[in-house]
Amino acid sequence: LTAFLVTRTLYTGAGALGFDGGPLFRLAQRPPFLKALARIFPDDDARPLYEMRDLFFQPWSALRARRRLHLLIGDANMSEWAQVLRVGATALVLELIEAGTPAGWPVLARPLDALQAINLDSELSATYELTDGSRATALQIQARILGVVRARLESDPEPPAGWKLRVLEMWRETLQGLEHDPDSLCDRIDWLAKRRLVLEEVPDAADREALRSRGEEVMSDRVPRGEADLHLRDRAFRARRIDLRFHELGPRGGARRLE
């Protein structure tokens, strides 16, 4: 399941801004806090992809045929398209895995490293090592998984439920859009919508580059202010306001205003 969860960040990421010298635009909010694949003992700050503390509090739960799947990798999606795709695609992948994972299923060699790298790669061009020695982009991994899921459903003698067909089509349309024209999805994918709003609020490329490299510095009260810094600080707070207000649930929330 891990390679799917890590790469689905492409369409489930809710977007974030970083003023730490790295890329200004990030795909998701959660990856910087995820430091482990799984955790049983809840006594440290190494947030995992899979939260397994139930085995600590209720060790007898290990004997159950089914246990709760507790994931910490999900973002606070505002888009209903992203929410349907996140839950629906994950349900289809879980169903396939329970029926028997097919040969050739992609497995990331270093999933935590890949998660952090995907989060910083808004160009969606980087490749990641798989355990079979090959390399693939996050989009290619998602496309492989989608192909296997589709083939499994088509081979089933029973016709698939309507929601499965809908999710498959949404999944295909999303991956195709991310590959050929990501901005065509800015009305459906949260991180792309948020990036579009920031670009409109901070249209000057020089200002965006300055925010990327010096944003944390100019937002600090310890730095002497000049006219250039005051201008950049204004842009930094405008961008940060978009980043945070996007998720506000009231009528002034960024996503609600877009709707």
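Is Phe41 buried or exposed? In this predicted model, Phe41 is exposed, since its relative accessible area is 51% and the threshold for that class is over 50%. Phe57 is likewise assigned as exposed, with a relative accessible area of 51%, whereas Phe56, at 41% relative accessibility, counts as partly exposed.

These residues, Phe41, Phe56 and Phe57, form one aromatic cluster, and the structure holds 3 aromatic pairs in total. The ring centres of Phe41 and Phe56 lie 5.6 Å apart with their planes at 70 degrees, so this pair is classed as edge-to-face. The pair connects distant parts of the chain, as Phe41 belongs to the loop between strand 3 (34–39) and strand 4 while Phe56 belongs to helix 3 (residues 54–57), 15 residues apart. For Phe56 and Phe57, the centres are 5.1 Å apart and the planes stand at 80 degrees, so this pair, too, is edge-to-face. An aromatic ring is also involved in a contact with a charged residue, in that Arg188 lies over the face of Trp81, at 5.2 Å from the ring centre.

Beyond residues up to four places away in sequence, the contacts of Leu10 include Leu27, Ile118, Leu139, Leu178 and Trp191.

Definitions and conventions: Residues numbered from 1 in each chain as written. Predicted model: local features only at pLDDT ≥ 70, side-chain atom pairs only at ≥ 80, totals over all residues. Heavy atoms only, no water. Contact = heavy atoms within 4.5 Å. Phe/Tyr/Trp six-rings, centres within 6.5 Å; stacked < 30°, edge-to-face > 60°. Helix = DSSP H or I, 4+ residues; strand = E, 2+ residues; numbered from the N terminus. Buried < 20%, exposed > 50% of the residue type's maximum accessible area, 1.4 Å probe, protein only. Lys NZ or Arg CZ within 6 Å of the ring centre and 35° of its normal.
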